[in-house]
Number of protein chains: 2
Amino acid sequence: VKLLTLARDLQRRRAREREGLFVAEGIRAVEELLRAPIALRGALVSPTLVETPRGIALRAALDAAGAPVLELGEREFQSAAATDSPQGVLAIADIPEWRLGELARPARARVLVLDAIQDPGNVGTLLRTAAAFGVAATLAMPGTVDLWNGKVVRSAMGALFVRPALSCTWAELDEFLRERDIPLWSADGAGEPLDTFTGASPQRMALAVGNEGGGLSADALARTVRRVSIPIEPDIESLNVAVAAGILLYHLRS
Amino acid sequence: VKLLTLARDLQRRRAREREGLFVAEGIRAVEELLRAPIALRGALVSPTLVETPRGIALRAALDAAGAPVLELGEREFQSAAATDSPQGVLAIADIPEWRLGELARPARARVLVLDAIQDPGNVGTLLRTAAAFGVAATLAMPGTVDLWNGKVVRSAMGALFVRPALSCTWAELDEFLRERDIPLWSADGAGEPLDTFTGASPQRMALAVGNEGGGLSADALARTVRRVSIPIEPDIESLNVAVAAGILLYHLRS
């Protein structure tokens, strides 16, 4: 029952920050979690889980992982689940403690900077996209939804478990970029069109993407050395932020 | 009250198909709808709408549009709304009747083919991305979520109102592609890496993207003349389908 109370509490950001724990919900997310180097603290399961071979295999993997597994009825399980159609499994695990100063220092690197991205699905897809293109770290600036929000965790499809991702302040970002000599570029509809870029991309680069409605913040613009735009049809306002980040990270890959 | 019942009914695909109507919910979606060449049949509003200047302006625009506007209390409005935090406005409008055979025949063209894409948010983002890159039409193949699903409409950010998008069968697609001499390419993790492509993209091309979990269907693969992959890190399974489509549509633009 303590696990059940904990899982419910962890739906709130404040509880996640206090406990240093997060919840991964659903078969795919828990499978990815078990593969990652992250300490599992426990799991909740309902009879729904073992209705499929994949669920039965996951149930066995949870037992093998050694953390406590609490079996609940559907109704109780639902009270801790955040999705409308839960798959009968959620796991509680340690939030990885990444620190800016301790990140690796590759000669060529990409860093993704999330400037007040508010939709958890967008942030999850951004993390997944960043991981796919070998981004060294994803940094969530003030105003961005909590990286360990349940929907972010699910949308990231495991990317959050295997790549550095952390929240930081603008002052911390300044220090990080200056100390490592990483210029900040930004995605901005009013920037230089991407299709006019020629030649090699810089060895190191951080790319900021802005809020879904408001675009880049004054904080981001003040630090930007180069603004890049993706040419789109004039009657369409903008691209989805994760789509834009994917195009830029692919095109400007190191 | 008839409008209220209708709005509730239109949450179901069968009712939308029977009536030839759909619902656009939220300030942004209704604003885009009013700008589009689509016949408005009516709107529901609640006091929430006129709490902001933007909402007040939209309320006036609805009156100016001439369709009936039904004012409801929050509770009744909520009973027809599909979102958790509705913004006090939804509009009912005609589904545009695009026909494959009547689409324009530009010399250079891109067509996006949705092969059983199931998540409405993904389909909406795909439609928005397609519109941004000048795609001539987006075709929803069997197994794809209804294009006029409320969440698709919201996620498309107006793109669904201004660009041809329609459902079709594989036989209809065959006829369309053959008659217009459009080859079908597909996004496939096992295809030729995009970064080995050089030279100009073909004048006309249809691009198929596959189901979020299962990838391309046998139907799509059987019709594909060229499979293209986006190189990603080996430990990441895949990109989000809308992100992948965005990268391919940008890179292979006509």
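In chain B, strand 5 (residues 109-115) and strand 9 run parallel and are joined by 7 bridges; strands here are DSSP runs of E with at least two residues, helices are DSSP runs of H or I with at least four, and both are numbered from the N terminus. Two strands are taken to pair if DSSP finds at least two bridges between them. Within this pairing, B:Ala109 has B:Arg204 in strand 9 of chain B as its bridge partner.

The model is predicted, and local features therefore need pLDDT of at least 70, side-chain atom pairs count only at pLDDT 80 or more, and totals for chains, interfaces and linings use all residues. Residues are numbered from 1 along each chain as its sequence is written, chains are lettered from A and ligands numbered from 1 in the order in which they are written, and side-chain values use heavy atoms, with hydrogens and water left out.

In general, strands of a sheet pair through backbone hydrogen bonds, either parallel or antiparallel.

Strand 8 (residues 184-193) of chain B is joined to strand 9 (residues 204-210) of chain B by 3 bridges, and the two run parallel. Strand 8 also pairs with strand 10 (residues 226-229) of chain B in the parallel sense, over 5 bridges. B:Ser186 stands opposite B:Ala208 in strand 9 of chain B and opposite B:Arg227 in strand 10 of chain B.

Another open sheet in chain B is formed by 4 strands in the order 1-4-2-3, and its pairing is mixed. Strand 1 (21-25) and strand 3 (69-71) of chain B are the edge strands, each pairing on one side only. Neighbouring strands of this sheet are turned by 20 degrees against each other on average, direction ignored. Strand 2 (residues 40-45) and strand 3 of chain B run parallel and are joined by 3 bridges; B:Leu44 has B:Leu70 in strand 3 of chain B as its bridge partner. Helix 3 (residues 27-35) of chain B lies across strand 1, strand 2 and strand 4 (89-94), at about 35 degrees to strand 4. Helix 4 (residues 53-65) of chain B lies across strand 2, strand 3 and strand 4, at about 145 degrees to strand 2.

Between the chains, 29 residues of chain B are in contact with 29 residues of chain A. The two chains bury about 2,400 Å² between them, 59% of it on carbon and sulfur atoms; buried area is the accessible area (1.4 Å probe) that two parts lose on being put together, summed over both. B:Arg128, B:Ala132 and B:Tyr250 supply 24% of the area that chain B buries against chain A, more than any other three residues.

There are 4 salt bridges between chain B and chain A, a salt bridge being a side-chain nitrogen of Lys or Arg within 4 Å of a carboxyl oxygen of Asp or Glu. One of them links B:Asp235 to A:Arg163, with the closest N and O atoms 2.8 Å apart. Helix 6 (120-132) and helix 11 (241-251) of chain B each supply at least two residues of the side of chain B that touches chain A. Helix 11 of chain B gives the largest share of that side, 6 residues.

Over all chains, the structure holds 44 salt bridges. In one of them the side chains of A:Arg16 and A:Asp146 meet at 2.8 Å, N to O. This pair links distant parts of the chain, 130 residues apart: A:Arg16 is in helix 2 (residues 13-19) of chain A, and A:Asp146 is in the loop between strand 6 (137-140) and helix 7 (150-155) of chain A.

Key
Axes fitted to C-alpha atoms, helices over the stretch in contact; angles between N-to-C directions. Contact = heavy atoms within 4.5 Å.
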